[in-house]
Amino acid sequence: MRIVDTKGHLCPAPLIAAKKALKETAGGESFILLTDNQTSFDNLSRFLKDNKADFQVSESESIWTLTITKTIGEVVLTNPEDYCAPSITHFEKGNYVVVISSDKMGEGDEELGHLLMANFIKALKDLDELPSKMVFYNNGVKLATKSSPVIEHLRDLEKMGVELMLCATCISHYSLESVVGAGTVSNMYTITEVMASAGNIIKP
Amino acid sequence: MKIDLLQMVESGGCSAKISPKQLEEILKYLPLPKDPNILVDIDTHDDAGVYKVNDDLALVLTTDFFPPVCSDPYEFGQIAAANSISDVYAMGGDPVLALNIMMFPAAKLPMEAYADILKGGFDKASEAGVRIIGGHTLDDYPPKYGLAVVGYIHPGKIITNAGVIPGDSLILTKPIGTGVILAGHRLGMVSDDNLAEAKRLMKLLNKTGAEVMKRYNIRGATDITGFGLAGHTLKMAKASKVSLIINMKEVPLIGNSYQLIDDGCIPGASFRNLDYAEKDIDFASDLDYNLKMIAFDAQTSGGLLFSAPSDKVNKILEDLRSAGLSDSKVIGYATEPKEKCIYLNN
């Protein structure tokens, strides 16, 4: 497979290389793109999504390897549900951040742990003051996947203005790139920054 | 020795601004001073602060400085000064005094570069009628330059982000694309002509545009700089409590900036701006991706964007064009507040 190496280059050079390679690649074919810069990686991910290219990511020692596949034909972009969902406007947000580091709440029976976590996330929606952000890492990111039992609640929270931040390393560790159903993938620096500047942190 | 300032920086001009999202997070925790004489503060996301001295006079205060946007020190000085002074024009004020703000790597660059940057700033300030009466320099790498500017304004004639009225048309006085052109230039993708055009526009004072605004008693305006066209219109929409409809195909672009974006030349600052603003923006389902991304391109010393009653638009455009702002155009209009603050159409 063709390898496009953009290591050592900063934006927009990696984007230009990606766009050029996409143009030269036939539909259904793939190529590999390498970058060693977090911002370049974030921007590439965004750019590829907007340009309807499929990609898988693996990271090791601060080098991101993107396997990019040019999609065939027109992709249906819009999700009809997004248009039908009633828009929820104006909710008060408090100066606190909810940190979800597991898909269970508390120690003990596993089934009970899952149930409690689902109830916790559901209950968040009813609070007078919503969290400003929710951070998901380790097993916590699994809650934000399409098949998660709480995905609808998380999408509601997102519509209510709560920012959901998912740990990028965790998503790729559990190979969940293609099944993320809510939130934005974020890096550890931003997550640390958010936690450090939060008024309070709530960890169920 | 030929001096090339661009060798020293990764992102120059207003692209070097901190992310608007991070800035907003920090400013939340900083209390605003309370004083009845403060007429404009950051609460309305405005370009400059305004402080009332008496019933006939208020002061406009602003500062801006950034790393090099071009290779030549003299041109860099001119552009940085034009950009710093612009905020006073955007508020409808008359710039009067300024101080130099300079960071210069004395061990890495010959002192003639230092002198040339200051000379460029001095000449541009003089063109604006501004007296530079002092300044401050640090030994720092890479170089950075700009001005802190004071202007005069009548307290009853302040033009702010908050003055846009539903039904008004939006007029932009300079084409956009400086961020893309400068990034493309560093990668050898921009012709000399296009680069020269971008530099001409960045050096162009917003003085003439501001004179036309004042002639027509415009109340809502901003200048387009680091947060890009979309970012600054968003600040306007929020401050004025209106929604703004922007027709991207009407927005004049510098040189080959559309083609550059199509080739993937999208500076990092555009993604930062997109990240900050997108939740308040409705993107038309058929919106051209390249036009979408150029709406977030960080501008250095960009033009004025102001709102005008539709029945005066033709006269205003005529005046702007005869004042030398030949690319001035209506790029959209304001409506009553809708679900989103900004609607980006083709």
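Which residue in strand 6 of chain B stands opposite F66(B)? The model is predicted: local features need pLDDT of at least 70, side-chain atom pairs count only at pLDDT 80 or more, and totals for chains, interfaces and linings use all residues. Residues are numbered from 1 along each chain as its sequence is written, with chains lettered from A and ligands numbered from 1 in the order in which they are written.

**View 1. Strands 3 and 6 of chain B run antiparallel.** F66(B) stands opposite Y145(B). Strand 3 (residues 57–66) is joined to strand 6 (residues 144–153) by 9 bridges. Strands are DSSP runs of E, at least two residues; helices are runs of H or I, at least four residues; both are numbered from the N terminus. Two strands pair if DSSP finds at least two bridges between them.

**View 2. An open sheet of 6 strands in chain B.** The order is 1-2-3-6-4-5, with mixed pairing. Strand 1 (38–40) and strand 5 (131–138) are the edge strands, each pairing on one side only.

**View 3. Helix 6 of chain B and its cover.** G209(B), A210(B), V212(B) and M213(B) are buried in helix 6 (residues 207–215). Buried means 20 or more other C-beta atoms within 10 Å of the residue's own, with C-beta atoms placed from the backbone. These residues cover an arc of only 160 degrees around the axis, so they lie on the same side of helix 6 of chain B. The arc is that of the directions from the helix axis to the C-beta atoms. Their cover includes helix 2 and strand 8 (221–223) of chain B. Just after helix 6 of chain B, N217(B) takes a positive phi of about 55 degrees.

Notes:
Buried ≥ 20, exposed ≤ 12 C-beta atoms within 10 Å, placed from the backbone. Contact = placed C-beta atoms within 7 Å.
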